[in-house]
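Here is a short briefing to read alongside the model.

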Amino acid sequence: MGGVTAASLPPILLVLGDEELLATRAVSETVAAARAVDPDVDVREYQAGALAVGEIDEMLSPSLFGGRRVLVLRAGQDARKDLVTALLAYAKNPDPEVQLVVLHLGGAKGKAFADGLRAAGATVVPAAKLKGHRDRVAFVRDEIRRGGGKCTEDAAEALIAAVGTDLRELAAACSQLLADTDGRIGAETVSRYYRGRVEVSGFTVADATMVGDVAGALEALRWALHVGVDPVPIADALADGVRTVARVAAAGRGDPYQLASSLGMPAWKIKNAQQRARGWTPEGLVAAMRAAAECNAAVKGGADDRAYALEKAVFSVAAARQGGGR
C-alpha cells in the first residue's frame, strides 16, 4: 500500500454492479487503504434497507475522539427516500475523515440514488458481472498482473476453458498459478497444470488432432479415459472440432467479429478455428468428417472397444490433414 495518503482516499465510493467477487474486493481494498493511513480506522457496515435517517447523522457526524472511519452501506438500491435525500445532501460536502462506501446492484431499483452519488462526484468502481468472453480474458490477465505476474492472451483463454467462467474460481486459479510458477504464464503452463481437468479433455483431444499433434491428442485421450470421462462427449468434441474448422474455412479469411453473426458462433471460437484451419484442404476436411462420423457411430452404437474407436479416429483425422483426403 505504498503511496497511500489521506488525500488519496476518495470520500465517497460507489461500487456499482452485481458481481459479488468484485464488490467484496472493492470494499476490502478500500478498508486496506484506510488502514494504511490509520491503523486504528473504525470500520462499520450497514444494510441500507434497514437504516433510519437518525442513525445516519450519528454515523456521519464528526467523532468525539477524531480518527478515520469507513462506513460501508450494503444494498444501496434498497435505501428509503428520506435516507437517500440525507446521503445525497451529505455527499455534496463530505467529511474528509470519513469514507462512505455504497454498494449498489446497478439496476433500475434505486437508480436515482446511484445517479445522485455519481453527480456529487463519487468515485465509481464498476462491479458488474462480466458478460462476454473478452471481458473474462481481460479479468484473468489483470488478475495475474495484480499478483505480479504476466499472462498471455492464449493462456487466459486456456485457463477459462479449463476452469469455467465463475469469477471466484478463476481468481482462485490465478493465485494458484502465481504461487506454483515463476509468474510468467503462457498457454503451455496452463495446459500442463490443468491436464488432469476433466472439463478440457474432449476439446483438448480435438484441438490437438486438428493441428496434427497426434502424440498430444493420444496423451490427452488416454488421460481422459483414465480419469473416467465418458467416450461420447470426446467423440462429440472431435466431430465438433472438424465441423467448426470446415465451416470457418468455407467462410474465407474474414474478421472473426464480423463472421460471428453469419456463422452463429462466438468470435473467439472462429479465431481459434481459423488458426487450426491452416494446413487443411477441402478434400481433407471431407475425409476427416467421414472419420469423425464413423467414430461417433461406433462410440454411440456401443462398439466393443470405444477407446480403440476414438484412437483410430485421431489417427484418421490427422492423416486426412496430412494427405488432403487420400
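Leaving aside neighbours within four places in sequence, V140 is in contact (heavy atoms within 4.5 Å) with C151, A156, L159, I160, L170 and C174. Please keep in mind that this is a predicted model, where local features need pLDDT of at least 70, side-chain atom pairs count only at pLDDT 80 or more, and totals for chains, interfaces and linings use all residues. Residues are numbered from 1 along each chain as its sequence is written, and side-chain values use heavy atoms, with hydrogens and water left out.

**Nonpolar cores**
- A nonpolar core is a set of buried (under 20% relative accessible area, 1.4 Å probe, protein chains only) Ala, Val, Leu, Ile, Met, Phe, Trp, Tyr and Cys residues joined through side-chain atoms within 4.5 Å.
- The largest one has 38 residues, of which V101, F139, V140, L159 and L170 touch the most other members.
- Helix 1 (20-37) is among the elements that each supply at least two residues, and its eight residues are the largest share of this core.
- A second, separate core of 25 residues includes L51, A79, L83 and L88.

**Around strand 3**
- Helices (H or I, at least four residues) and strands (E, at least two) are DSSP runs, numbered from the N terminus.
- Five of the six residues in strand 3 (residues 69-74) are buried.
- Strand 3 pairs (at least two DSSP bridges) in the parallel sense with strand 2 (residues 42-47) over six bridges, and Q47 stands opposite R74.
- Strand 3 also pairs in the parallel sense with strand 4 (residues 98-104), over five bridges; here R69 has V98 as its bridge partner.

Conventions: Buried < 20%, exposed > 50% of the residue type's maximum accessible area, 1.4 Å probe, protein only.
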